[in-house]
Amino acid sequence: MAKIRIPTPLRAFTDGAADIDVAGGTVGEALANLLDQHPELRAHLFNGEELRSFVNIFIGDEDIRFLQGLDTEIDANESLRIIPSIAGGLK
Amino acid sequence: MSALHSRLADLSKDEVKRYSRHVIMPEVGMEGQRRLKASSVLLIGTGGLGSPLALYLAAAGIGRIGLVDYDVVDFSNLQRQVIHGVSTVGLSKLDSAAARMLDLNPEIEVVKYNEPLTSENALRIFGEDWDVVIDGTDNFPTRYLVNDACVKLGIPNVYGSIFRFEGQLSVFYGEQGPCYRCMFPEPPPPGLVPSCAEGGVLGILPGTIGTMQATEAIKLLLGIGDPMIGRMLLYDALEMSFHTIKIRKDPACPVCSVDKADVALLDYEQFCGMPAHDHSEFSSVDDADDIDVQTVTVHDVKSALENGDDVLVIDVRDPHEWDISAIAGTLRIPKPDIQLAKNGIQAGRKLWEETVLQGIPKDKTLYLHCRSGVRSADSIAYLSEVGYDLDKMYNVEGGILAWADEIDPDMPKY
């Protein structure tokens, strides 16, 4: 199964899990499977059917926006990552 | 890449000795060290990231280092802000940092900007001949501001960001690659991503990321190695893993893909829907400042709990804060859950959303508290949008900090 790496800020919605096994032949199917497992993530990742613009999904080192987006095909041992927008530093 | 500038400054005999471990490396040499002395770097923030940055860049002999900060040193900063110390608690961070930097290296010049960075002053401050800007801020509005001002003025921006055990590093340089907005076109809505003040951070993490930012700045100035332009390093301290991803220039980027003269600085607090700093008067439109929230004191909370009044006290802080200190007898629901539930219900969703709110009866008097009173006021605003009666909800003034001050002096404050 493919894996999705969950960034720290979103682990509050995956019971603390950092890596989640997901089924599906495309990025979109894999994310749908992720949301089936952890429905609370939906509001953080999607606005309706569209990925939110501040949510970055990478396969390996490549942004899916520069592949085929949610239609990008993945194989069973692919590693996906959600890259969060984080702002900490000063305080 | 080539060095950012060709200026060279003379080194004294003492300076050659001071920098001898640099000078004997062919990648730096006398010329490189003279170049560093002729260089200028502007640090935004002298906190977690700014501490190691300021120390190492001072030690490395960057001739002119600018600091932008308006805060004073607080005792709770010392867990990670290693440039400050117990002896400088209560002083301005600028004076505290500058004194330590000049103690480490009196050969350098420190320029202090004792003001929050804003759209009004950014171009003036950034325009005072800085070769590199380093972003060590703690909030989205300032990060977008630093990015846009750097792109407009053609200055590379060495970016570092941290959250709990995770860090990010990149160099955003519109002249040669993507900018922050190519990667993050819009900020997440307020409430979806907690700040370090709410979410916490491993004290060592800013040391790790800050020293890597300093490394990137030195590489840019010397023109050596492969700078992190077009790449982002993702660091996970718990796994001790490093992962590098590619960032591409967005040909439709409204900032780095247009003429620099056309880049206008925005009201970034409005853009992000959140305040940029503690002195800000910004209030986001759907939060508490738009409505009249009634308040109660911690003494009212105490008597309600003791007398068994028909009042529900709700603690909207995050779960890990409950472990630090908590008032017995409260219902605990984190503010982000309330906000998400409100958003979901307004968007027509029910399942998870109604589960979150089912513990909060609509016919009961509610006292809401957080750490200091901001998140609980916002939570009241959210609840009022999904059917809860404003007349029955009260914000606990001063939150659990007031409880610690006035009711339970043994309670730890954070």
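Helices are DSSP runs of H or I with at least four residues and strands are DSSP runs of E with at least two, numbered from the N terminus. By that definition, chain B contains 17 helices and 13 strands. Its radius of gyration, taken over C-alpha atoms, is 24 Å, close to the 22 Å that the globule rule (2.2 Å times the number of residues to the power 0.38) gives for 414 residues, so chain B is as compact as a globular protein of that length.

This is a predicted model, in which local features need pLDDT of at least 70 and side-chain atom pairs count only at pLDDT 80 or more, while totals for chains, interfaces and linings use all residues. Residues are numbered from 1 along each chain as its sequence is written, and chains are lettered from A in the order in which they are written.

Within chain B, an automatic or database domain assignment gives domain 1 (13-272) and domain 2 (288-406), and the centres of these two domains, taken over C-alpha atoms, are separated by 37 Å. The C-alpha trace of chain B spans about 75 × 50 × 40 Å along its principal axes.

Where chains A and B meet, the contact (C-beta atoms, placed from the backbone, within 7 Å) takes 23 residues from chain A and 43 residues from chain B. On the side of chain A that touches chain B, α2 (42-45), β5 (56-59) and β6 (62-63) of chain A each supply at least two residues.

Conventions
Contact = placed C-beta atoms within 7 Å.
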